Amino acid sequence: MIDNAINLSQDRDCLNAAVQIVKALNYKQALPLNWQDILGRAPSCLGEAIICLWQQYFSGVHINPPLPENIFATTINPACNLVGQLLLMLSQGNAHPLELQSRLLLPPAVDAIEAGQYYLFAGDGTDTPYEQDLNDTLDSATALFTAAYDYIANHPLGSPAFLVAYKYVLQRNINYPELCAYVLLALAALPENGDWRNVSSSQVLGKADIVKFMASTLALRPNVTNNDEVRETAIYALLNAGVIERKGDPTFSSELRNIKYFITPQTLTALQQLTANGAW
């Protein structure tokens with residue numbers, strides 16, 4: 001118990017420090033010299049707190065209010081992973097495009113955790129020193145969830161063209177959304193901060209030209225190793241969803257290099273409408 005309490009105390013200190021750093025990032029305030037190290041350590045501390053709560057949940061300790069069934073799988077664990085990724089990316093000076101995913105997944109988790117404010121009690125309705133320590137750490141974890149949500153809710157996002165494409169792909173439940181968004185920008189010859197309303201028609205490009213455009217013009221973040229990876233992931237996903245079409249019929253495998261792709265007019269219209277309506 002003592003070792004656990006010591007670990008929880010250290011975890012709580014790290015989580016509290018991370019809360020202040022995220023708030024400072026949000027409001028562009030001064031940061032401590034070791035802020036990157038703290039944000040890098042905070043995900044494991046957050047995970048430890050959630051694991052302790054999970055262990056107590058299955059050990060018969062009273063939790064008030066009672067945890068809803070499957071809350072770990074449906075809410076707490078996904079949100080914990082998401083906040084952890086956000087903190088790691090913030091520590092590296094880059095929280096894009098995870099901010100987009102956070103906007104969709106984190107709000108319900110924050111609402112559930114804040115509404116619950118779960119506390120642990122022994123069988124007699126009192127809490128042991130360990131449980132009190134864990135309760136305090138969970139309070140810090142909740143504060144970190146909230147600070148992370150405040151950051152993504154208030155942090156200004158740039159790159160409008162990329163964000164619109166990314167949101168459109170997410171809405172269509174298409175795999176590899178980030179890479180697909182970059183493919184759409186390449187086919188539209190748009191920079192990340194461009195405007196879809198300026199695009200009258202799609203370029204007709206082969207996979208090599210798409211990859212070349214992404215590498216030379218866009219700040220491509222996915223690790224794309226070769227042309228075929230783009231074709232077999234993003235291009236196929238977009239084709240199957242009817243977002244793009246292709247010109248040419250690959251009767252023989254040797255002709256695959258001659259296949260070219262373009263954005264459908266319907267997709268272009270949808271992207272322009274998202275832009276006009278303010279995608280975010």
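# Chatting through a predicted fold

Student: How many salt bridges does the count come to?
Tutor: The count comes to four salt bridges. Bear in mind that this is a predicted model.

Student: Ok, start with Asp133. Which side chain does Asp133 meet in a salt bridge?
Tutor: Asp133 meets Arg12, at 2.9 Å from N to O.

Student: Hmm, buried or exposed? Asp133 to begin with.
Tutor: Asp133 is buried, at 13% relative accessible area. Arg12 counts as buried too, at 15% relative accessibility.

Student: Why does 15% count as buried for Arg12?
Tutor: Because the cut-off for buried is under 20% relative accessible area, and Arg12 comes in at 15%.

Student: What about Asp37, which residue does its side chain meet in a salt bridge?
Tutor: That's Arg41, at 3.1 Å from N to O.

Student: How accessible is Asp37?
Tutor: Asp37 is partly exposed, with 42% relative accessibility. Arg41 is partly exposed as well, at 37%.

Student: And Glu232, what does its side chain meet in a salt bridge?
Tutor: Glu232 meets Arg231, at 3.6 Å from N to O. Glu232 counts as partly exposed, with 49% relative accessibility, whereas Arg231 is buried at 8%.

Student: Changing topic. How many aromatic pairs does the structure hold?
Tutor: The structure holds two. One of them is Phe162 with Tyr166, a tilted pair with 5.8 Å centre to centre and 35° between the planes. Both residues lie in helix H6, residues 160-171, four residues apart, about one turn of the helix.

Student: What does Phe162 do with Tyr182?
Tutor: Phe162 and Tyr182 form a tilted aromatic pair, at 4.8 Å centre to centre with 40° between the planes. This pair links distant parts of the chain: Phe162 is in helix H6, while Tyr182 is in helix H7, residues 177-188, and they are 20 residues apart.

Student: How buried is Tyr182?
Tutor: Tyr182 has 0% relative accessibility and counts as buried. Phe162 is also at 0%.

Student: Which residues do the ring pairs link into a cluster?
Tutor: The cluster is Phe162, Tyr166 and Tyr182.

Student: What sits over the ring of Phe262?
Tutor: The charged end of Lys247 does, 5.7 Å from the ring centre.

Student: Now the sheet. What order do the strands of the open sheet have?
Tutor: The order is E3-E5-E4, three strands with antiparallel pairing. Strand E3 (205-206) and strand E4 (244-247) are the edge strands, each pairing on one side only.

Student: How many bridges join E4 to E5?
Tutor: Four bridges join E4 to strand E5, residues 260-263, and the two run antiparallel. The bridge partner of Arg246 in E5 is Tyr261.

Student: On to packing. Which residues touch the most other members of the largest nonpolar core?
Tutor: Those are Leu39, Leu46, Val83, Leu106, Leu144 and Phe145, in a core of 42 residues. Helices H1 (2-26), H2 (35-57), H3 (71-91), H4 (98-116) and H5 (129-154) each supply at least two of the core residues.

Student: What is Leu46 in contact with, leaving aside neighbours within four places in sequence?
Tutor: Leu46 is in contact with Leu15, Cys80, Val83, Ala141, Leu144 and Phe145.

Student: Last bit, the whole protein. How many helices and strands are there?
Tutor: The protein has 10 helices and five strands. Buried residues make up 47% of its 280 residues.

Student: And what share of the contacts with a separation of 6 or more is between residues 24 or more positions apart?
Tutor: That share is 69%.

Notes. Residues are numbered from 1 along each chain as its sequence is written. This is a predicted model: local features need pLDDT of at least 70, side-chain atom pairs count only at pLDDT 80 or more; totals for chains, interfaces and linings use all residues. Side-chain values use heavy atoms; hydrogens and water are left out. Rings of Phe, Tyr and Trp (its six-membered ring) pair if their centres lie within 6.5 Å; planes under 30 degrees apart count as stacked, over 60 as edge-to-face and the rest as tilted. Buried means under 20% relative accessible area, exposed over 50%, partly exposed in between (1.4 Å probe, protein chains only). A charge sits over a ring if NZ of Lys or CZ of Arg is within 6 Å of the ring centre and within 35 degrees of the ring normal. A nonpolar core is a set of buried Ala, Val, Leu, Ile, Met, Phe, Trp, Tyr and Cys residues joined through side-chain atoms within 4.5 Å. Contact means heavy atoms within 4.5 Å. Two strands pair if DSSP finds at least two bridges between them.
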